[in-house]
Amino acid sequence: MSRFVFSPLSVWLLLGLILLIVVGLPLLFLGIIGAALSHLGFSFWVIVGLLILIVVGSFVNIPLYTMQPKEERARKPSGQYAPSMYDTMYRTDRWPVEEQRGMDISVNVGGAVVPVLISVYLVGMVVFGFVQTDAWFLVRLLAAVGVVTVVVYLAARPVRGIGIATPFFVPPLVTVAVSLILCGGFGLPAAIMGFVAGTFGTLVGADLLHLREVYDEGAGMLSIGGAGTFDGIFLTGIIAALLASF
């Protein structure tokens, strides 16, 4: 076999490359988040604190309430695939028959609470004049949130046993395009609009407006931002802010 199988890399070098990928990718991801936050005007130590809060908070879910059914009814598997956009990723005929008794709704600290607080802070900076914008900025910001909300709502699909699935590229691209158009180009106002519109648009369009559909799919629990830092709510805002800031 040695004549047919040949590795140009030593075992230790190969292990080193694997370790570099395992360690380097998360560091690269955190570096991208840090770059976006720096473009939004945060100082170094504030960024460090936010990154720690995001990572630690991604393991914390805060219970909100439980959606109670009008009446208990059996949930039977449909035997069908999810909509065509997701049929290569998820199957909906593998979940067992169960009774729908209610859905516990919680919010993830790292994936939803932190980006919402950052968004509120950025809006406050604009309102109190710490960021120079024109008088119509907040009106355009509301319009951007509305556009992103509608697009994300139409793109998102509840998937039985999974939750809400949204094409990864749709929310960031729409948010960046809307922010650049409404702000007339790149810069800090566009970055702020991108982060705020991406955060609230994805939060409302993907999660809040699809709560009833997720419940009807038989989910027993839904965590808003539950994938932590990898959730679409946070990533959309970060990517949009980073791209719009150049």
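Author: Over residues 168-201 the chain is 82% helix and 0% strand, with the end C-alpha atoms 14 Å apart; helices here are DSSP runs of H or I, at least four residues, and strands are runs of E, at least two, numbered from the N terminus. This is a predicted model, so to speak of local features pLDDT has to be at least 70, side-chain atom pairs count only at pLDDT 80 or more, and totals for chains, interfaces and linings use all residues. Numbering runs from 1 along each chain as its sequence is written, and side-chain values use heavy atoms, leaving out hydrogens and water. The UniProt annotation "transmembrane region", from an unreviewed entry, covers 168-201 along with 12-36, 42-66, 109-131, 137-156 and 221-244; such annotations may be inferred rather than shown by experiment.

Now for H6 and its partner H4. Their axes come within 7 Å and cross at roughly 40° (lines fitted to C-alpha atoms over the stretch in contact, with angles from 0 to 180 degrees between N-to-C directions). That makes H4 oblique to H6, since oblique is what remains once under 35 degrees is roughly parallel, over 145 roughly antiparallel and 65 to 115 roughly perpendicular. In contact terms (heavy atoms within 4.5 Å), H4 residues including Phe 137, Leu 141 and Val 148 meet H6 residues including Ile 192, Val 196 and Phe 200.

Ile 192 also turns up in the largest nonpolar core, of 37 residues, where Ile 192, Leu 37, Leu 40, Phe 42, Ile 118 and Leu 122 touch the most other members. Such a core is a set of buried Ala, Val, Leu, Ile, Met, Phe, Trp, Tyr and Cys residues joined through side-chain atoms within 4.5 Å, buried being under 20% relative accessible area with a 1.4 Å probe, protein chains only. Helices H4 (137-155) and H6 (188-207) are among the elements that give two or more residues to this core.

Note on methods:
Buried means under 20% relative accessible area, exposed over 50%, partly exposed in between (1.4 Å probe, protein chains only).
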